[in-house]
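Please open the structure in your viewer and keep the sequence panel beside it.

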Amino acid sequence: MTGAAPPPGSEAELRARADGIAGLSLAVLAARQRRPVPQDSRRGKGFAGQLVEAALGASAGSRPEPDFQRIGVELKTLPVGPGGQPLESTWVCTLPLEHPRAPRWEDSAVRHKLARVLWVPVEGSRDIPVGERRVGRAVLWSPSTEEERRLRADWEEVMDLVLLGRVEEITAHRGECLQVRPKAADSRARRWGVDAHGVRVRTLPRGFYLRASFTAAILASRYAGLRP
C-alpha cells in the first residue's frame with residue numbers, strides 16, 4: 001500500500017505511532033499516503049480503517065492473525081459520535097458452527113483476538129465529511145480479570161447452544177458484552193452447522209461482535225477518545 005509504514009517492532013513503537021496520528025484528519029492521513037478521499041460517507045468507516053492500518057504498520061491483512069503479528073496486537077478502529085461514544089458494535093471473529101468436541105475458552109478465537117488490542121477511535125458521524133473526520137487518542141488494552149469473566153460467560157452461553165444444535169436460538173439479544181449477528185455478504189449465504197439431532201444443516205454464517213456499551217466502557221476507563 002502506498003505510504004504504508006513498516007510493522008512496529010515493539011508496543012512502545014506502536015504507541016508512539018498512534019500518538020503521532022491522534023488529532024489528525026483523514027484528509028491529512030490520506031495525503032501522506034497519496035490516496036484520494038472518498039466523497040461517499042458510507043465508505044468512511046472502511047477508508048478510515050485502511051488509513052490507520054497503513055499509518056501504524058499493520059501487516060496481517062485478512063489473515064486470521066493479530067494485525068501487528070510481530071508483537072501480537074490486534075487493531076480495532078472505532079467509529080465514534082460527538083461525545084466519543086462508539087456508534088456500533090465491533091466485529092471480533094467468525095462463530096464456529098461445527099465442533100468435533102467441546103471447545104475451551106482458553107483456545108477460542110475470541111480470547112486470542114481480544115488478548116491485546118489497540119483501540120483507535122475515529123469520528124464517524126455522517127454529518128462530518130469523510131476527509132474532515134479526526135483520529136482520536138488510542139488505547140492499548142488487555143481485558144481485566146472481570147472483563148474476561150464477562151466475555152467468557154457470554155462466549156460459553158453461545159457455544160453451549162452451538163454444541164446442542166440450537167443455533168437458531170442464538171440472536172443479537174443474547175450476551176452482556178458479546179453478541180452474535182449474521183455475517184454474510186447477502187442473506188443467501190449459508191454455512192454448515194449441526195442441528196439438535198446431530199444432523200448437518202445449512203444455516204446463516206454468524207460472527208461474534210463486542211457490544212458498543214462494552215467498548216464505550218473501555219474508552220471511558222482508559223481516558224481514550226477524540227481529544228489527542
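The model is predicted, so local features need pLDDT of at least 70 and side-chain atom pairs count only at pLDDT 80 or more, whereas totals for chains, interfaces and linings use all residues. Residues are numbered from 1 along each chain as its sequence is written, and side-chain values use heavy atoms, with hydrogens and water left out.

Start by selecting residues 212-221, which form helix α6; helices (H or I, at least four residues) and strands (E, at least two) are DSSP runs, numbered from the N terminus. Within α6, Phe214, Thr215, Ile218 and Leu219 are buried, where buried means under 20% relative accessible area, exposed over 50%, and partly exposed in between, with a 1.4 Å probe and protein chains only. These four lie on the same side of α6 because they cover an arc of only 135 degrees around the axis, the arc being that of the directions from the helix axis to the C-beta atoms.

Keep Phe214 and display Trp119 and Trp141, which together with Phe214 form one aromatic cluster. Rings of Phe, Tyr and Trp (its six-membered ring) pair if their centres lie within 6.5 Å, and a search of the whole structure finds four such aromatic pairs.

Next, select the open sheet of three strands, whose order is β2-β8-β5 with antiparallel pairing; two strands pair if DSSP finds at least two bridges between them. Because β2 and β5 (178-182) stand at the edges with a single partner strand each, one side of each is left without a neighbour in the sheet. β2 and β8 pair over four bridges, and cysteine 93 stands opposite phenylalanine 208 in β8. β5 and β8 pair over five bridges, and here glutamine 179 stands opposite tyrosine 209 in β8.

Is β8 itself mostly covered or uncovered? Five of its five residues are buried, with Arg206, Phe208 and Leu210 on one side and Gly207 and Tyr209 on the other. Centre the view on tyrosine 209, where the charged end of arginine 181 sits over the ring, 4.0 Å from its centre; this label requires NZ of Lys or CZ of Arg within 6 Å of the ring centre and within 35 degrees of the ring normal.

Now move to helix α1 (residues 11-21), where Leu14, Arg17, Ala18 and Ile21 are the buried residues. They cover an arc of only 100 degrees around the axis, which puts them on the same side of α1, while Ala12 and Asp19 are exposed on the other side. Just after α1, glycine 23 takes a positive phi of about 95 degrees.

Finish at valine 28 in helix α2 (residues 26-32), which counts as partly exposed because its relative accessibility is 34%. The C-alpha atoms of valine 28 and arginine 133 are separated by 10.0 Å, although these residues are 105 residues apart along the chain.

Definitions and conventions: Rings of Phe, Tyr and Trp (its six-membered ring) pair if their centres lie within 6.5 Å; planes under 30 degrees apart count as stacked, over 60 as edge-to-face and the rest as tilted.
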